[in-house]
Amino acid sequence: MKILVTGFEPVYAKYNINPSWEAVKLLPDQIDGAEILKLELPCRYASVGTVLEAALQQHRPDYLVSVGHAGRVNGLEVEWLGVNRDDCSLADNDGVVRKWTPICPDGADAYFTNLPVDDLLAAIRAAGLPAVRSYTAGQYLCNHALYLGRYLGETTFPRLKSGFIHVPLCPQQVSDSE
């Protein structure tokens, strides 16, 4: 079994590190016999899909778990839904701001994760970490990645199971933002 786990490069307009990539880098290369593949995604609307699709094509993973950060959370958030719209006032790393922009014009309005959310929550909590279910991955690149992963699963990689998890800021980011 192969699991592709993605995190993001820093959002240069706000931070010099991204806790999602910091967390993904710490993962071992194998967990219970599953090969863990790690990929840093760009914080750029124009290229995140190309990079993600190329990795899926190259590695043909069974699972895609995308990870992003959310400054508002104190634990992990397992996301349920990606919507087919980018709508955020924060620019990506190319300076692009998207307002109510479709991600995939031929895609569904939204896709639910096809990962076992309740099982993931139970496992995370059993490991002693706080975790909650979240019904939206936001409107920035986290939602973009969740939606694209599910879209590609529906259109190109039919056996792919995919979803998204938000992590909190790193401690130094919290102290820097005060």
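**Close-up views of a predicted model**

View 1. Tyr147 and Tyr151 both belong to helix α4 and stand 4 residues apart, about one turn of the helix. Helices (H or I, at least four residues) and strands (E, at least two) are DSSP runs, numbered from the N terminus. An α-helix has 3.6 residues a turn, so residues three or four places apart point the same way. Both Tyr147 and Tyr151 are buried, where buried means under 20% relative accessible area, exposed over 50% and partly exposed in between (1.4 Å probe, protein chains only).

This is a predicted model, in which local features need pLDDT of at least 70, side-chain atom pairs count only at pLDDT 80 or more, and totals for chains, interfaces and linings use all residues. Residues are numbered from 1 along each chain as its sequence is written, and side-chain values use heavy atoms, with hydrogens and water left out.

**View 2. Helix α4 as a whole.** Helix α4 covers residues 141-155; at 1.5 Å a residue its 15 residues should span 21 Å, and its end C-alpha atoms are 20 Å apart, which agrees. The expected span is 1.5 Å times one less than the number of residues. Of the 15 residues of α4, 13 are buried, so the helix is largely enclosed by the rest of the structure.

**View 3. Aromatic pairs.** The whole structure holds 3 aromatic pairs. Rings of Phe, Tyr and Trp (its six-membered ring) pair if their centres lie within 6.5 Å; planes under 30 degrees apart count as stacked, over 60 as edge-to-face and the rest as tilted. Tyr45 and Tyr140 form an edge-to-face pair, 6.1 Å centre to centre with 85 degrees between the planes. This pair links distant parts of the chain, 95 residues apart: Tyr45 lies in helix α2 (residues 45-59) and Tyr140 in the loop between β10 and α4. Tyr45 counts as buried because its relative accessibility is 4%, and Tyr140 counts as buried at 13%. Tyr147 and Tyr151 form a stacked pair, 6.4 Å centre to centre with 20 degrees between the planes. Ring pairs also link Tyr111, Tyr147 and Tyr151 into a cluster.

View 4. An open sheet of 7 strands has the order β2-β3-β1-β4-β11-β5-β10, with mixed pairing. Its edge strands, β2 (30-31) and β10 (131-134), each pair on one side only. Two strands pair if DSSP finds at least two bridges between them. Strand β2 runs antiparallel to β3 (residues 34-41), joined by 2 bridges, and Gln30 stands opposite Glu35 in β3.
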